[in-house]
Amino acid sequence: MVRDPLSQLDALVVALSGFVIVFLMLALLWGIILVISRAVSGMEHHPLPAMAASMPPSAPARVSAPTAPQVVLEGIDETQAACVMAIVSHETGIPLDQLVFKSIKAV
């Protein structure tokens with residue numbers, strides 16, 4: 001009969017010590033995460049003076065939005081013109097409010 005190298009009591013002690021080590025490491029990680037999250041949330045509310053000095057000043061708000069010039073539509077309705085404008089904006093990567101359309105003609 002082959003005898004087990006560890007007795008049942010030794011195996012139980014090894015298993016329990018494994019569980020204790022795992023839970024201690026989890027508690028340590030929880031503490032580290034807690035400290036880091038509090039530090040980050042504290043920096044969001046109170047930025048460091050060096051960081052505040054390096055930040056560019058915010059742009060002044062616009063007083064009034066510029067009025068868009070009228071687009072001359074020739075042989076095309078407004079829905080199709082809106083689709084053409086959206087496609088041009090998407091394909092060029094230029095925001096629609098930065099594009100200026102003078103006329104749209106059906107070919």
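Q: How far apart are the end C-alpha atoms of α3?
A: At 1.5 Å a residue, the 15 residues of α3 should span 21 Å, where the expected span is 1.5 Å times one less than the number of residues. This is a predicted model, in which local features need pLDDT of at least 70 and side-chain atom pairs count only at pLDDT 80 or more, while totals for chains, interfaces and linings use all residues. Residues are numbered from 1 along each chain as its sequence is written, and side-chain values use heavy atoms, leaving out hydrogens and water.

Q: Which residues of α3 are buried?
A: Buried means under 20% relative accessible area, exposed over 50% and partly exposed in between (1.4 Å probe, protein chains only). On the other side of α3, Thr79, Ile87, His90 and Glu91 are exposed. The buried ones are Ala81, Met85 and Ser89.

Q: Within what arc do the buried residues of α3 fall?
A: Ala81, Met85 and Ser89 are the buried residues of α3. Seen down the helix axis, they line one face, because they fall within an arc (taken from the directions from the axis to the C-beta atoms) of 75 degrees.

Q: Which strands do the buried residues of α3 pack against?
A: Contact here means heavy atoms within 4.5 Å. By that rule, the buried residues of α3 pack against β1 (72-74) and β2.

Q: What is the relative accessible area of Phe101?
A: Phe101 sits in the loop between α3 (78-92) and β2 (103-105). Beyond its neighbours within four places in sequence, Phe101 contacts Val71, Met85, Val88 and Leu96. Phe101 and Met85 are 16 residues apart in sequence, with their C-alpha atoms 8.0 Å apart. Phe101 counts as buried because its relative accessible area is 17%.

Q: How many residues make up the largest nonpolar core?
A: Such a core is a set of buried Ala, Val, Leu, Ile, Met, Phe, Trp, Tyr and Cys residues joined through side-chain atoms within 4.5 Å. In soluble globular proteins, nonpolar side chains tend to be buried together. Here the largest core takes in Ile76, Ala81, Met85, Leu99, Phe101 and Ile104, and its residue count is 6.

Q: In which helix is confidence lowest?
A: pLDDT is the predictor's confidence in each residue, from 0 to 100, and the protein averages 82. Confidence is highest in helix α1 (residues 8-45), at 93. Where pLDDT is low, the predicted coordinates should not be read in detail. The lowest mean, 58 over residues 49-54, belongs to helix α2.

How values were computed. Helices (H or I, at least four residues) and strands (E, at least two) are DSSP runs, numbered from the N terminus.
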